[in-house]
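Please look through the sequence and the model below, and keep both at hand while reading the report that follows.

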Amino acid sequence: MTAPDEATDQRFPKSDRILKRELFRRVYDTGKKIQARFFTAFILPNSQQQSRIGITATRKTGNSVERNRLRRRVRELYRRNKWRVPPGIDIVINVKDGLARAGYDEIEKDFAKMLERSR
RNA sequence: GGAGUGGGUUGGGCGGUCGCUGGCUGAUGGGCAGGUUUCGGACACCGUAAUCCGAGAUUCGCCGGCAGCGAGAGGAAAGUCCGAACACCACAGGGCGGCGGACUGGCUAACGGCCAGACGGGGCGACCCGAUGACAAGUGCAACAGAGAAUAGACCAGCCGAUGGCGCUCGAAUGCUGGCCGCGGUAACGCAGUCUCGUGUUCCGGCGCACAGGUGAUGGGUGAAACGGUGGGGCCCGCUAGGGCUUAAUGUAAGAGCCCACCAGCACGGGUGGCGACAUUCCGUGGCUAGGCAAACUCUCCGUGGUGCAAGACCAAAUAGGGAGGCGUCAAGGGUUGCCCGCCCGAUGCUUCACCGCUGGAAAGACAGGUUGCCGGUUUUCGUUGAAUCGGUGGCCGCUCCCGGUGGUGACUGCGCCUCCGGGUAGGUCGCUCGAGCGUGAGGAGCAAUCCUCCGCCUAGAUGAAUGACCGCCACCGGCUCUUUAAGAUCUUGCGCGGCUCGCCGCGCUGGGUUUUGCCGAGUGGUACAGAAUUCGGCUUAUCGACCCACUCCAGAA
RNA sequence: GCCCGCGUAGCUUAAUUGGAAGAGCACAUCCGCGGUGAGGAUGUUAUGCGCGAGUUCGAUUCUCGCCGCGGGCU
């Protein structure tokens, strides 16, 4: 595992995201399900060069302010850890309740562990 | 100083790093089914305005990536409770129905909103609250309590004693019995008279009882609610009935809204004030009637088509299906479909559920059950067996529909491939943000809401949905911990003074402990409610706090 | 974005022209038994009808505003 490089690409354009219901369905139905401490991940290899991510927070997680905050934290997490993610996979993350109270370092460790288990 | 009332403002700040969304500008030439333009071609030939096909150029667009610039959540963005704009659909006109609104005047595009007022209620007050038309059109409702509850009502106590009843009694009439006596008759008996006699009936009068009855402006008590209060009712003539006088004076057994006057309240009419709701310490008339509830039905007046930007407009893939053309292929069958439903199969359905097994399939259509074994209950019997019946559970038989396979029969029709066309789905573009806009700018009208004129400003447009993450410094708040210092309260060691009931009390100084308040510094924690989704105007609800203005009550000082 | 329905005892639910709430299960106590289950009897368990206002003499019921839960359309 290489060390975090400041020059690494940390951008997050729309092509890095899953935006269509059809794509979400495909990942849910045929992807591999991984339970982590703060979220549930679904992973499916795609035919593209880059990887893509989709984030979901259900009504049960809280009101809209709460849901938006969780979505932003997960997005930030992905943006800073893109160098860890192997190219050519689609990830969908469903947020769990504990995420709102967890510190950023904990979540980052959890995300890395999830990637380890996925291969 | 304390307690409150009403209104307004604000919704942490600065900096750094890495990001997101859309806009503008620039450069780049990566992509393009677009536009423009050049050349060539099309139908037998020529020409070409248009059309189609192919090749190239341009950088006019679009997409992707790059750089720079400036922008990016709220007072409630929320709830979706009202009102509109806008869009589509429907629609001759009128009525009924349904739904909604309901004091007055104003504001507004409109409103169930706002402002000013009226009336009612609450608060000592500043102020607050009110769906606030009509129970004098009809229908209905009022538990429990209470005598009585909506054309009211006699339970207890009080009062009355007309009328009926009961008791006593004066008198009269009369029946019977008795006494006395007369006449007729032998007698039985008949007829008649009389009575301080007894007894009964009827009538008249008197007295009493209060059983029925009367009395509600005699009191009690019940309830949310029980129909106002005070005073007066004379004089004269007449036997009575009645008549006369005074503004009016009646009547009864007793009485009574039976009559009159006044007070209060109500209603109506007029005057006055107000645009009006309404007010009125003004005037007149009526004379106790007309209790409450319409967020009960209802009536009156007014308003009202429906759906919502996921509205709607445009572009438009794949697949299936529709239409047109071309090519290929067949004259025997094929395709679609109806009927018989014949045969195969056959249920978990007919008959509660689950599981297993078996079985061509499935559980939407349709249909009907029968028989038998076992268990339990009931009836019959004194009891058992038996019988009948009901329920549960299993077996066997039977029945039913659809799909499938196969057979018969009828109707209609060609089939396969290619190209094009139209509708239309996914998807995309528009709608989409400059508007009933904002301003703690100025002036004017108005008590105000608000309006007018001028000036200035441009302030999110996302769509699995941007406006963020992390760090540093500061600000504010609350509690805790440590620390510097000051003041107060309290406990206590020691010393001094004073008192005296002689071992306690009071005062002062000094030291220590506990605690409260303020201040300096440090650490720690917290900084609400909450996220645009077509756009506005309101309402309602959530909200850690901070600041400002006006006013009220209480206490104190001058 | 829009539109419906429902909140009653610990649980599942009734009741209404407005007059103060029943039932089943559960729970507790008792009877019975050597013990347990089944059965029988008694008790609503300090409930006030999701919350707050209003109308009314009186509200679970009528009206308004909130809160929570469930469902539907596109």
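## Aromatic pairs

How many aromatic pairs does the count come to? By the rule used here, in which rings of Phe, Tyr and Trp (its six-membered ring) pair if their centres lie within 6.5 Å, with planes under 30 degrees apart called stacked, over 60 edge-to-face and the rest tilted, the count comes to two. In the pair formed by F12 and Y78, the ring centres are 5.8 Å apart and the planes stand at 65°, so this pair is edge-to-face. Because F12 belongs to the segment before α1 while Y78 belongs to helix α2, the pair ties together parts that are 66 residues apart in sequence; helices (H or I, at least four residues) and strands (E, at least two) are DSSP runs, numbered from the N terminus. Both F12 and Y78 are buried, a word that means under 20% relative accessible area, whereas exposed means over 50% and partly exposed in between (1.4 Å probe, protein chains only).

The rings of F39 and F111 have centres 6.5 Å apart and planes at 55°, so that pair is tilted. Since F39 lies in strand β2 (residues 39–45) and F111 in helix α3 (residues 104–118), this pair ties together parts 72 residues apart in sequence. F39 is buried, with a relative accessible area of 1%, and F111 also counts as buried, at 1% relative accessibility.

## How the model was read

This is a predicted model, in which local features need pLDDT of at least 70 and side-chain atom pairs count only at pLDDT 80 or more, while totals for chains, interfaces and linings use all residues. Residues are numbered from 1 along each chain as its sequence is written, chains are lettered from A and ligands numbered from 1 in the order in which they are written, and side-chain values use heavy atoms, with hydrogens and water left out.

## The nonpolar cores

A nonpolar core is a set of buried Ala, Val, Leu, Ile, Met, Phe, Trp, Tyr and Cys residues joined through side-chain atoms within 4.5 Å. The largest one has 24 residues, of which F39, I93, F111 and M114 touch the most other members. At least two residues of this core come from each of β2, β3 (52–56), α2, β4 (89–95) and α3. Another core, of seven residues, lies apart from it and has L23, F24, V27 and F42 among its members.

## The surface near the RNA

RNA strand B is surrounded by 23 residues, the closest being Q10, R11, L19, T56 and R79, where near means that a heavy atom of the residue lies within 4 Å. Sugar and phosphate make up 72% of the atoms of RNA strand B that come within 4 Å of the protein.
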